[in-house]
Amino acid sequence: RAIGCPGPARALVAAVLLEQTRDFVLFVLPHADSAARFAAELEWHLALAGCPSGPIPVLPDNEVDPYRGLSPHPRILERRSRALWTLLEGRPRCLVPTPGCLLERLPRPEEFISRLLDLRVNASLPLEEIRRRLEEGGYILEEPVTEPGEFAVRGGVLDVFTPNRPHPLRVEFFGDYVESIRSFDPATQRSIESLPYAAVIPLTPYPSGRLAWQELARQIQRPGLAGELGNGWEETAEQLSGGAASPGWEFLLPLIEPLSGSLWDYLPGEVRLVSL
């Protein structure tokens, strides 16, 4: 634990530590806002020292009480998904989580990877299959696409904004074949670069979409279980049965999709834990 270190100096101390160790480091901050500020300051110090790190991943917890019937904010889901993907790619030397993430249950890395949408030029992949998988990954149909976690379909063109890229993607199809993949500026709609390949990562760590919600409704309505869920379970089951998300449904997911992993499954080799 870093004791007696004033706030502005914490990132400087962290940068020195990263220069002196080969271990992966977890810098634990108390909440999402302080974690984001710390990561930005740490990036600045590393760049100033001639060791640019690129964006340092921040992993906030869901920031909602599972007993209040609320769902995590989409921006939180975006940050969490991007952080897990960055860890799986093996690029960072550190991670900035909040305390709740250290004990939270997550899908195992292989389960997360199995839900990636692999887009490649000249590959055959029906657009309707892509749409289904995006919905299962927590993406929202929105026109135009401007924020991570949104997608749109117009004829043979798919626009999708995956959290692991700075700009949305425009994918053009010829029948079921991917003809081209380009990143574009959502403000001007102009292309930025052509890509041979793009990985679209799930926005949620668990299956989403109509089929998942309907299966969850069936589990809620099992004899003997309703009484354990407290008041309001009938309304929740009704919404889910109709293929619509009910606020806080994510915290009922273990009924159909037990999460058997944790953050520690995503971390490489030796790990140093630093509380700030």
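Predicted model: local features only at pLDDT ≥ 70, side-chain atom pairs only at ≥ 80, totals over all residues.
Student: How do you know that strand S1 (residues 24–28) and S3 are joined, and in which sense do they run?

Tutor: Two bridges join S1 to S3, and the strands run parallel. Residues are numbered from 1 along each chain as its sequence is written, side-chain values use heavy atoms, and hydrogens and water are left out.

Student: Which residue stands opposite cysteine 94 in S3, and which is the bridge partner of leucine 26?

Tutor: Valine 25 is the residue opposite cysteine 94, while leucine 26 has leucine 95 as its bridge partner in S3. S3 also pairs with strand S2 (residues 58–59), again in the parallel sense and over two bridges, and there valine 58 stands opposite valine 96.

Student: Which strands are called the edge strands of the open sheet that holds S2 and S14?

Tutor: The sheet has four strands in the order S2-S3-S1-S14, with parallel pairing. S2 and strand S14 (271–275) are its edge strands, each pairing on one side only. Helix H2 (residues 32–48) packs on this sheet, touching S1, S2 and S3, and its direction makes about 155° with that of S3. Contact here means heavy atoms within 4.5 Å, and such angles run from 0 to 180 degrees between N-to-C directions, along axes that are lines fitted to C-alpha atoms, for helices over the stretch in contact.

Student: Are the residues of strand S3 (residues 94–97) buried or exposed, and which way do they point?

Tutor: Cys94 and Val96 point one way, Leu95 and Pro97 the other, and all are buried; that word stands for under 20% relative accessible area, with exposed over 50% and partly exposed in between (1.4 Å probe, protein chains only). In a regular strand the side chains alternate between the two faces of the sheet.

Student: What makes S6 and S11 edge strands in the other sheet?

Tutor: That open sheet has six strands in the order S6-S7-S8-S9-S10-S11, with mixed pairing. Strand S6 (140–141) and strand S11 (191–195) each have a single partner strand, so one side of each is left without a neighbour in the sheet. Within the sheet, strand S8 (residues 157–160) and strand S9 (residues 169–174) run antiparallel and are joined by four bridges, and aspartate 159 stands opposite arginine 170 in S9.

Student: Why are the buried residues of H8 said to line one face of the helix?

Tutor: In helix H8 (residues 233–241), the buried residues are Thr236, Ala237 and Leu240. Seen down the axis of H8, they fall within an arc of 95°, so they line one face; the arc is that of the directions from the helix axis to the C-beta atoms. The face turned away from this buried side carries the exposed residues Glu235 and Glu238, whereas the buried residues pack against helix H6 (210–220).

Student: Which residues of H6 and H8 meet?

Tutor: Trp213, Gln214, Leu216, Ala217 and Ile220 in H6 meet Trp233, Thr236, Ala237, Leu240 and Ser241 in H8. The residues of this contact divide into seven nonpolar, three polar and no charged. The axes of H6 and H8 come within 7 Å and cross at roughly 145°.

Student: Why is glutamate 63 called partly exposed, and why is asparagine 122 called exposed?

Tutor: Glutamate 63 has a relative accessible area of 47%, which falls in the partly exposed range, whereas asparagine 122, at 61%, counts as exposed. Glutamate 63 lies in the loop between S2 and helix H3 (74–89), and its phi is positive, near 60°. Asparagine 122, in the loop between strand S5 (117–120) and helix H5 (127–136), has a positive phi of about 75°.

Student: What makes the peptide bond that joins glutamate 143 and proline 144 worth a remark?

Tutor: The bond is cis, with omega about 0°, and proline 144 is found in the loop between S6 and strand S7 (150–154). Most residues other than glycine have a negative phi, and most peptide bonds are trans.

Definitions and conventions:
Nonpolar A, V, L, I, M, F, W, Y, C, P; charged D, E, K, R; others polar. Pairing = 2+ DSSP bridges.
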